[in-house]
Amino acid sequence: MSVSIQTGTAVADGAAETALARKVAIERRRQRQILTVAIRLASLVVVLGLWQILGAKVDASLFTTPSAIARAAVVMIKSGELWHYLWPSLVVLAIGLTLAAIVGIAVGLLLARFWVLDVAFGSYITFLYSIPSVALVPLIVLWAGFDVTAKVVILFLFAFFPMAINTHQGVKNVDPKLIEVGRAFRASEWQLWTNIVLPGALPFIVTGLRLAVGRGLIGMVLADLYTAISGIGYLIVRTAATYEVDKMFVPIVTLGLLGVTLTALLRVVELQVAPWTASAARE
Amino acid sequence: MTAEPSTAPVIVAANASKLFLDGAVTAFRQLDLEVRDRETLCIVGPSGCGKTTLLRCIAGLADLSGGKLLLGGAPIKGPPQGVAMVFQHFGLLPWKTVYANAAFGLTLAGAPAAVIRERVGHYLDLVGLAGFEQHYPYQLSGGMQQRVGLVRALAVDPKILLMDEPFASLDAQTREILQEELLRIMERLEERKTMVFITHSIDEAILLGDRIAVMTARPGRIKEIIDLPFGRPRDVEAIRADPRYAELRAHIWHELKAARPARAA
């Protein structure tokens, strides 16, 4: 009798305890988040403040202050100048990255699937990836000229290799135990790929995409700098040449924001298509 | 002992051998074994005696190096139909929900959606996982994950169930609960299957098996086959209390100790 009463209250206590523990945990997480934001803001204020003070002491043709950059940004956005130079670069980025992703994933998958292709072509990819891509830019300009085509090719060159190599690695790293599970349940080759190999390689492919975006941004600016007719890289060259340092920092900051945004966007995509990897990362 | 009289053996191994690394390592050699229709045959042996390799050969995941291995009279070439396996490592696909994992075998076989829904629902219900269909494996405990592994195997309605130390990576309490659940499922007449159950736990073998095959250490061979005196349905508590349980346990323990090579002792 007394036993049953005890267990009864124990269960009730248990439920209350669980609820309380969850509440405490949520509260602690919330406080942590607030603190994180506060520290970031404070840090930003201090850094920008120091920059403002020190920047004001340097010749305006060599360095600038955050407030001057903000003023220049407002002017450049209002006049449409920033957008005028940013847009062609974004187009090049979009086309180059899309091509690099499609071709890179396809090549990575083919090399991983067909042993003969891997032996025949794998070493070229490793070799080409080992060459700093910058070294090939003059050659591409020689072949493709100075217009959009050349820029897309340069960007493709920067973004393709991490895509292909990561996809290849991803397929090679799929847990052989899971492949065996597929075989044990009589999966066909196609079923094995769609059910196990591709989803298993997905985290690597997403990592490849993230690397490709980072390298793609470098390729984009480099293509602008080298061809120097249009694009955001050209804006940097032109403003630097005319000692408009405050205006020059506007595209630079824009590029930083672009990189951060794209990376964050990819993380969101990753959460959507591969929730299990996110949970592993959280633990 | 068991309700159904055993007729022709379902699985026959005759003089079977399996070598690894160009013959440097022998998993098992001159192995003879018969598995009867609808019996539970537990294979116990020291680690590295080749019992898992033998199971992989029956599952068609590995080829023999020599001898014969017949399933329903025909040699095994690749994963055969009507055989399903439960893995020690669970082998759930992290990117699929509980439902999709449980339905894996049926989906691969191209079963109609209605059949999948009915069968998977039935077995998920049976192991108490109804309501967890949309969870992912990482959200489940080990015991729940292996229940999904069991449902995945049962859902394809196999004639033969291959169990590769399915409860070995679970904690002691969960292991006992799952053993009882498995007994309960297999005791429903319509669910009764031929089962080959690999384990290194003597207790598990006695509780679950109709017969126990004791394997020697590498190179593995069947040392002894023991008919268990316990009928079905089984009451786990009663079996543990049975004096014959302790006797059997001591006997198999002795056999395994003798089967272990002296240098490894």
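**Sheet and helix arrangement in the predicted complex**

In chain B, an open sheet is built from six strands in the order 6-7-8-3-9-10, with mixed pairing. The edge positions are taken by strand 6 (83-86) and strand 10 (222-227) of chain B; each has a single partner strand, so one side of each is left without a neighbour in the sheet. Neighbouring strands of this sheet are turned against each other by 15 degrees on average, with direction ignored.

The model described here is predicted. For the complex, the predictor gives an ipTM of 0.89 and a pTM of 0.80. The average pLDDT of chain B is 86, and 95% of its residues score at least 70.

Within the sheet, strand 3 (residues 40-44) and strand 8 (residues 194-199) of chain B run parallel and are joined by five bridges. In this pairing, V196(B) of strand 8 is the residue opposite L41(B).

Chain A is divided into two parts, domain 1 (1-57) and domain 2 (66-282). The C-alpha centres of domain 1 and domain 2 of chain A are 36 Å apart. Also in chain A, the axes of helix 3 (residues 81-113) and helix 6 (residues 148-172) come within 6 Å and cross at roughly 35 degrees. The crossing of helix 3 and helix 6 of chain A is right-handed. The residues of this contact comprise 23 nonpolar, six polar and two charged.

Note on methods
Residues are numbered from 1 along each chain as its sequence is written. Chains are lettered from A and ligands numbered from 1 in the order in which they are written. This is a predicted model: local features need pLDDT of at least 70, side-chain atom pairs count only at pLDDT 80 or more; totals for chains, interfaces and linings use all residues. Axes are lines fitted to C-alpha atoms, for helices over the stretch in contact, and angles run from 0 to 180 degrees between N-to-C directions. Helices (H or I, at least four residues) and strands (E, at least two) are DSSP runs, numbered from the N terminus. A crossing is left-handed if the near helix is turned anticlockwise from the far one by less than a right angle, and right-handed if clockwise. Ala, Val, Leu, Ile, Met, Phe, Trp, Tyr, Cys and Pro count as nonpolar, Asp, Glu, Lys and Arg as charged, and the others, Gly among them, as polar. pLDDT is the predictor's confidence in each residue, from 0 to 100. Domain bounds come from an automatic or database domain assignment. Two strands pair if DSSP finds at least two bridges between them.
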